[in-house]
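Reader: I would like to go through the terms used for this model and see what each one rests on.

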Amino acid sequence: MAEVVFEQVQKSFGAVSVLKRIDLTVRNGEFLVLVGPSGCGKSTLLRALAGLDGVTHGRILIDGRVVNSLPPKERDIAMVFQNYALYPHMSVLDNLTFALKLRDLKPQEIDARAREAVAILGLESLVDRYPRHLSGGQRQRVAMGRAIVRDPKVFLFDEPLSNLDAKLRVQMRAEIRALHQRLKATTVYVTHDQIEAMTMADRIVVLNGGAIEQIGAPLDLYDDPDNLFVAGFIGSPAMNRFGGVYERTGEGAQVRIGASALAAPVVAAAPGQRVTVGVRPEHLVPDADGSLPFCVDVVEPTGAATELFGTVAGERCCVLVNGRAALKPGHVTALHAAPEHVYLFDEESGRRLR
């Protein structure tokens, strides 16, 4: 295990800046997830840590040692790729032990490490098979086993579940998280899927345009986003957004959305200031006495919950209801939300108003 530190790391391709002064510490034994949309710089940051790409400026330290000039094999890291990167002409066992043989380890140590990885990942019945005879999930476990046998200081995962079907992704998420809890190894995991980030991370780093938007525990980012980008990116279904006008009242504050008003928290905003109002789908409650008229267009039952899609003041809106909903397409009802669940953002900068 080791601490990983990025100090003022920048990466440019010509005039295009891909990473912009990244300052980040991955704690010893932490499972850190880098998440963001395509092109945000998350894979570039991971590749820089792995030594596959250099950086234009700044330092990268692993266990207190600057590794900028070190080749990948000397950084004591192990990487699991999206495409598995298994040797097709080698059996599972040979895939697991190949890198160890190149390091001239004793046969007894190689055998012990391979047996441990096989036992951890449940590969006992697959050691003699070739990659072409394995399912996607089995190949991914072999790729993980190849990383485990190296006993590295840092594990790196680059969107390892992207090629799997939805059911298998859920299973592999649980397996990777259980593996981390068992090995207690420092892990940096890259994904564009915020559900993966929410369910697996100790902390999440949200990247956008090569810069860090916010760092925090999954539920901290969900409950207390710093800006509109994080609020909209973290959470599924995504947070609803409405244009509104902030107003003070005798008892507190409200935001006017179209011809209706919604109770809101008191924030550092001027009366009459235009704001963006954010409310998560589960916090909008259908209620005949609510203040926001809601016209239902689409009803999507998912079993445990029902998603209602429609409009509020001409803007798209999603409402998440536990269990079954009696509402049908074409129905008009009203919505309300508790003030503590209403988020206000500066309309121009997108920064959270507090």
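Author: This is a predicted model, in which local features need pLDDT of at least 70, side-chain atom pairs count only at pLDDT 80 or more, and totals for chains, interfaces and linings use all residues. Residues are numbered from 1 along each chain as its sequence is written, and side-chain values use heavy atoms, without hydrogens and water.

Reader: What is the strand order in the open sheet of four strands, and what is the pairing?

Author: The order is β2-β1-β4-β5, and the pairing is antiparallel. Strands here are DSSP runs of E with at least two residues, numbered from the N terminus.

Reader: Why do β2 and β5 count as edges?

Author: β2 (16-26) and β5 (65-66) each have a single partner strand, so one side of each is left without a neighbour in the sheet.

Reader: What makes a space a cavity?

Author: On a 1 Å grid over the protein atoms alone, it is a set of points where a 1.4 Å probe fits but cannot get out; lining residues have an atom within 4 Å of a point. Volume is the space filled by probe spheres set on the points, which are joined across faces, edges and corners. The largest cavity holds about 60 Å³, and its lining includes Phe-31 and His-180.

Reader: Which element supplies the largest share of that lining?

Author: α5 does, with four residues.

Note on methods. 1 Å grid on protein atoms, 1.4 Å probe; cavity = no way out; pocket = protein on both sides within 12 Å on 5 of 7 lines; lining within 4 Å. Pairing = 2+ DSSP bridges.
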